[in-house]
Amino acid sequence: MAPDWLAMSSQTTTWDPPATSPGWFAFGLLFRPLQLGLAFPSFLYLSAMTVFLFRPPDLDLYHADRIAIVVLVFLVTLRSLALRERLPFIAGLTLPMLGLVALAVLRAVREPFDAETWSLVASKFVVPFILFHLAILVFRGPFSRTHLEMFVIATLAYLVFTSLAFLADARSLIFPRFILDDSLGIHADRARGPFLQAVAMGMSLNILGILAIVLTRKRRKIVFLLWLMLPLAVLATMTRAVWISFLISTVALGIRLGERYLRRACLGLILAGLLVCLTIGLDNGSLMNSFRDRTAERGPVEARMAVYDAAWEMFQERPLTGWTAGDVYSELARRMQGYHLRTFYVHNTYLSLLVEFGIPGLVLYAILFFNLFRLGRTPSPKESPPLATLRKAWPILLCVYLFNALFVDMAYQFVIGLMFTVAGVLCTREEADV
């Protein structure tokens, strides 16, 4: 028979969990999202990107994206502090981005508080700065980059489907329904997606298509099918700048990348595009007429040239200090009295920087993108094949972005966030080596 002290010891070391009280159970459920966010930061990051993609334009949920970015910053920072990780700092990218943020904030505080002005400051400068540095912390391993790959494929599939639904006039298949609301955004007759702007839709299709074909290693059949549908999806945006950048980037991608299957994919895409153009060219229906009218349309080009002239005159008047946010639009409207436009935007990212921030803003922007191009330099032999291929394709992605920036004021939060997320992924090796 065992001694009494041994029996007592066996009773005290029993690991059977006690019955959980309802209060503790509710407390555990309350903190479960915190636990999941700390354990899987890539899911949290991509959930925030999904909010950016589907941010509804109605006022009731206008701040949903701001809530998402605050939650993301809090949890990723908390996780980094718990793991004692170094906060990322890459001088060539961090400093010019900080400079642009400072210029934008100083410009915004020069006049009474305006929600639209601060929203643009956040979308164009603050959110990209945050996402770039968080991406370095989040996407360090192959597991988290697999999540990014799946997000890219799912988003591309959704946008391709939406574009084809526009092209086929299958409006009942388009979701969410606010995309079809003529009173929201512009280009309601084109494939504009949840961005409510056709250029943003075309840029996203182009960038996501390149990312999907470059990153994917296990889901090639699905990606190749989406890749072959891209010409139709891009045509549905009815935007000439998007068409040109898509064609040039596809040819450049096939030349730049050395892997055989990627070259075949680019060749297949070019053949698919030629087949689509030939089919539409032989059709005498309304679809061909729409493309012909859009290609020959001169009115928007003339209006933009007038905007460029007015904006250039404004820059010459204040070349160093720029104009306040409220003065830019009112002054443009005053100088273009002969044009009846819904809104007066500069429609050129570089000219917009000159008007808003003067020469210092454009200089900081040039320094930033010069250093971003340097991320495409020769990869390390130790780098994984998908990351090495992404690094080769990075200059092409930047050229797509910068070319389209010639024709719009780049304020599309999802597109900018996606580009700086990829930049953060490319900086993970450099940050880990420091």
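## Close-up views of a predicted model

**View 1. Helix 5 and its cover.** Helix 6 (115-138), helix 14 (325-335), helix 15 (349-357), helix 16 (359-373) and helix 18 (413-426) are among the elements that cover the buried residues of helix 5, contact meaning heavy atoms within 4.5 Å. Helices (H or I, at least four residues) are DSSP runs numbered from the N terminus. The buried residues of helix 5 include Leu-93, Met-97, Leu-100, Val-101 and Arg-107; buried means under 20% relative accessible area, exposed over 50%, and partly exposed in between (1.4 Å probe, protein chains only). The end C-alpha atoms of helix 5 (residues 91-108) are 25 Å apart, which agrees with the 26 Å that its 18 residues should span at 1.5 Å a residue. That expected span is 1.5 Å times one less than the number of residues.

This is a predicted model: local features need pLDDT of at least 70, side-chain atom pairs count only at pLDDT 80 or more, and totals for chains, interfaces and linings use all residues. Residues are numbered from 1 along each chain as its sequence is written, and side-chain values use heavy atoms, with hydrogens and water left out.

**View 2. Ile-244 on helix 10.** Ile-244 lies in helix 10 (residues 240-256). Ile-244 counts as partly exposed because its relative accessibility is 42%.

View 3. Cys-427 is buried, with a relative accessible area of 0%, whereas Cys-399 counts as partly exposed at 42% relative accessibility. A search of the whole structure finds 0 disulfides, a disulfide being a pair of cysteine sulfur atoms within 2.5 Å.

Definitions and conventions
Helices (H or I, at least four residues) and strands (E, at least two) are DSSP runs, numbered from the N terminus.
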